[in-house]
Structures are given as structure tokens and as C-alpha cells.
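Please read the following points with the model open beside you.

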Amino acid sequence: MIEAVLPAAADTAAADVFRIALGVEYKGARYRGFQRQRDGVPSIQLSLENALSKVAGGHPVTLSCAGRTDALVHACAQVVHFDTPVKRSMHAWVMGANQNLPSDISVTWAKEMPNSFDARFSAMARRYRYVIYNDHIRPAHLAEEVTWNHRPLDIARMREAATAFVGTHDFSAFRARQCQAKSPIKTIHHLELLEHGRLIVIDVRANAFLHHMVRNFAGVLMTIGAGERPVAWAREVLESRVRRTGGVTAHPYGLYLVQVDYPEQFQLPERFLGPHFLSGLPDVRALQ
């Protein structure tokens, strides 16, 4: 019963400090990104911290996350952690948080972790999916959850171009000007393109990503898929190391954080690979 997880009925505070990890999914369309913003600006972090503080009986909660998604970007498998002196069951953290969260944010699991775990710094890799709706008519459904492209896209050309990005490279041409990463050198473990009806899905996994990196990949690949640039242009942009050579940054609506990888010792819960409307797609990692 929901009443069982409310602060008034929960366990009393313990003397120890507990480190709790959570899985979180959200629709980012009405938020200015994950990170807490100035007063009055909605963010995923602020909504979560307020909800969790209520479950903790008023004790403040401060979150660290695996990936600070941008404004309007979604997540199916964000991972966060926080420290608290308040003892609750894992069920209470999940159900209590969800009772106090808006409908576009959900906590999917909770697990008590050792102090050595850090949602951001323990992560070994992150994975995104960028979802394109390819049709000459704009979609009325999922309009804020996919990127609409009215030009017919040749996925074979896009796949060929995407091979240029796999491996370890200097991705300066794909980073936003405001990117704070210390190094533009990242390793792309895979970058695959999948078809699902009218949807084209860019599935990319890397050790880390630069600011706007996936959206800039998507912009280049859609331009090539539309026949506006040759396949070789992808490598030319990469090797230029200059952002302005890569054209327009693709819209954020189609971007989802779908997986974060951690060392096996932490044994975090796993769910289906999102977003939910693509849960029937094969996992390209399982096919490799």
C-alpha cells in the first residue's frame, strides 16, 4: 500500500549514512535539463530531490547523476545516487518518490550501494539512442519524443557514413562551444542504425560523450541520408576538428539516454532497453 511508504509511517532515522542508487526515466520536454537550475526553472534533479526529501521525512537529498542530459532530452536509464542518514526500504524509496513526482518522471528501481559507488565516476560507458521519424507529414503522436525529418533518408548511406566515427578519435568537430570536457578524445564502441517502421534509430555507445556530440552525429548523418552531402563528408568533418564544418545540431527531442554500464561488482538492476515504444527492437550489443 502507498501509505506504508509515507514519511509518517516509515522507519525512524538511523545513525548510519546510507548510499542509495536509483534508476530514473523521464520525458525531458518541459525541463531545462537534468541539472538543478536557478530558482523557478524546472529541472529533473530538482523534482527528484524534492520528492526524495519528502520520503526522507524532510531530510534534504542531493543527487549525483551518471549523465547530465540537456534541455528537452529524455532518459530511460539514468542512474543517480545520494547519501542519507534515513533508513527506508528500497520499495519505499521507489514508491514514495513516484507518489511525489510529476507524471513525466519515474523512479524504476533502488539499491543500497557501498561508498565506493559513484553514479558518475564509476560508470564505464554510456549509451544513447536518437530516434528519427522519417515521413513527409509531421507526427501528431510522440511529437516531443522523436525528431521529425520530412526528407526521405537513405539508411544505407547513413550506415556507411557512421563507420567513420567508430573507434578512438578527436571529436572536436562534434562538441558544442560551451562543452566543459577536458579532452575531445573519446572512444565510440558502436554506432549502429536500425529501422522500425517509419523510425530510424541511431544507437551509439561510448566511454563518454561531449556536449551535443550525439545530436551533431545525427545532424551529419541525416544530411548525408538526405543526399545533401556525400558519404565521405562524415570523415571530412571528423578530421577537420572544427565544429562549424558539421552543419546544424539536430533537435533534442529524439535523444534518449538508454544505458549506463558499471563494473559487475555493483550488480545494478537491469530493465528493457528503451524507449518503451522501441522495446521490441533487437539489442545490437547482443548481436555483436
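Two residues are said to be in contact, or to touch, when they have heavy atoms within 4.5 Å of each other. The model discussed here is a predicted one.

1. Start with Ala176. It is found in the loop between strands β7 (167-170) and β8 (185-196). Leaving out residues up to four places away in sequence, Ala176 touches His211 and His212.

2. Is Ala176 buried or exposed? Buried means under 20% relative accessible area. Ala176 has a relative accessibility of 8%, so it counts as buried.

3. Ala176 also shows how sequence and space can be compared. Ala176 and Arg243 are 67 residues apart in sequence, and their C-alpha atoms are 7.4 Å apart in space.

4. Next, Tyr128. An unreviewed UniProt entry lists Tyr128 under "binding site". In the model, Tyr128 lies in strand β5, which covers residues 125-134. Tyr128 counts as buried because its relative accessibility is 10%, and the cut-off for buried is under 20%.

5. Which residues is Tyr128 in contact with, once its neighbours within four places in sequence are left aside? They are Thr69, Ile202, Asp203, Val204, Phe209, Val214, Leu255, Tyr256, Leu257 and Val258.

6. Now the chain as a whole. It is divided into domain 1, residues 18-113, and domain 2, residues 125-264. Domain 1 supplies 15 residues to the contact and domain 2 supplies 18 residues. Taken over C-alpha atoms, the centres of domain 1 and domain 2 are separated by 27 Å.

7. How much area do domain 1 and domain 2 bury between them? The figure is about 1300 Å², with 60% of it on carbon and sulfur atoms. On the domain 1 side, the residues that lose the most area to domain 2 are Ala66, Asp70 and His74; together they make up 35% of what that side buries. The size of an interface is often given in this way, as the accessible area lost when the parts come together.

8. Polar links should be noted too. Across the interface of domain 1 and domain 2 there are 10 residue pairs in polar contact, both residues at pLDDT 80 or more. The rule also finds 2 salt bridges across the interface of domain 1 and domain 2.

9. A salt bridge to look up by name is the one where the side chains of Glu145 and Lys27 meet, with an N to O distance of 3.7 Å. The cut-off for a salt bridge is within 4 Å.

Technical notes:
Residues numbered from 1 in each chain as written. Predicted model: local features only at pLDDT ≥ 70, side-chain atom pairs only at ≥ 80, totals over all residues. Heavy atoms only, no water. UniProt positions renumbered as here; feature names shortened; annotations may be inferred. Helix = DSSP H or I, 4+ residues; strand = E, 2+ residues; numbered from the N terminus. Buried < 20%, exposed > 50% of the residue type's maximum accessible area, 1.4 Å probe, protein only. Domains from an automatic or database assignment. Buried area = accessible area lost by both parts, 1.4 Å probe. Polar contact = N/O pair within 3.5 Å; in protein donor to acceptor, adjacent residues only side chain to side chain.
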